[in-house]
Amino acid sequence: MYEKIIDSAIKAKKQSYSPFSKFKVGVALLTGKGRIYTGGNVESSSFSLTVCAEKSAAVKAINDNDMVFKAIAIATNSGDFEFPCGACRQFLSEFSDNMDIILVKSKNDYRIFKLQNLLPHKFKLKKKG
Ligand SMILES: [Zn+2]
């Protein structure tokens with residue numbers, strides 16, 4: 001069911017700019033419109049400015065006014081399942097807290113979680129207007 005975004009996430013590791021940590025992250029975000037947005041992590045010499053792959057893909061989709069997220073596949077070069085950081089869980093939940101989070105080790109080895117189970121008590125402001 002998620003083969004295409006799992007494959008896209010594995011390929012998206014090439015988009016990573018990670019000269020400091022060498023920790024390459026590639027993601028593929030599937031939206032409600034059926035589009036796939038990929039992203040890689042982008043490190044900075046000033047480490048706190050580093051942008052996660054999940055956030056970079058989500059920003060592309062949001063800028064395209066494609067704001068309902070179905071699922072995101074996350075692949076890394078660590079050889080293990082890597083969860084999205086807390087900040088990314090919060091960022092993604094702004095748009096779709098019921099989305100699937102797919103942790104990818106390889107094409108045939110992945111785990112699926114619901115975002116709301118990974119972030120049970122999210123911060124939420126009421127939207128105005
Ligand atoms: Zn993150």
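Which residue forms a salt bridge with D7, the closest N and O atoms being 3.1 Å apart? In this predicted model, that residue is K11. The two lie in helix α1, which covers residues 3-12. They are 4 residues apart there, so about one helical turn separates them. K11 counts as exposed because its relative accessibility is 52%, and the cut-off for exposed is over 50%.

D7 also forms a salt bridge with K107. Here the closest N and O atoms are 3.7 Å apart. This pair links distant parts of the chain. D7 sits in helix α1, whereas K107 sits in the loop between β4 (100-106) and β5 (109-114). The two residues are 100 residues apart. K107 is exposed, with a relative accessible area of 52%. Together, D7, K11 and K107 are linked in a network of salt bridges.

A further salt bridge joins the side chains of K122 and D97. The N to O distance is 3.3 Å. K122 lies in the segment after α4 (115-118). D97 lies in the loop between α3 (86-93) and β4. The pair therefore ties together parts that are 25 residues apart in sequence. Both residues count as partly exposed. The relative accessibility is 21% for K122 and 31% for D97.

In total, the structure holds 5 salt bridges. Among them are the D7 pairing with K11, the K107 pairing with D7 and the K122 pairing with D97.

Definitions and conventions:
Residues are numbered from 1 along each chain as its sequence is written. This is a predicted model: local features need pLDDT of at least 70, side-chain atom pairs count only at pLDDT 80 or more; totals for chains, interfaces and linings use all residues. Side-chain values use heavy atoms; hydrogens and water are left out. A salt bridge is a side-chain nitrogen of Lys or Arg within 4 Å of a carboxyl oxygen of Asp or Glu. Buried means under 20% relative accessible area, exposed over 50%, partly exposed in between (1.4 Å probe, protein chains only).
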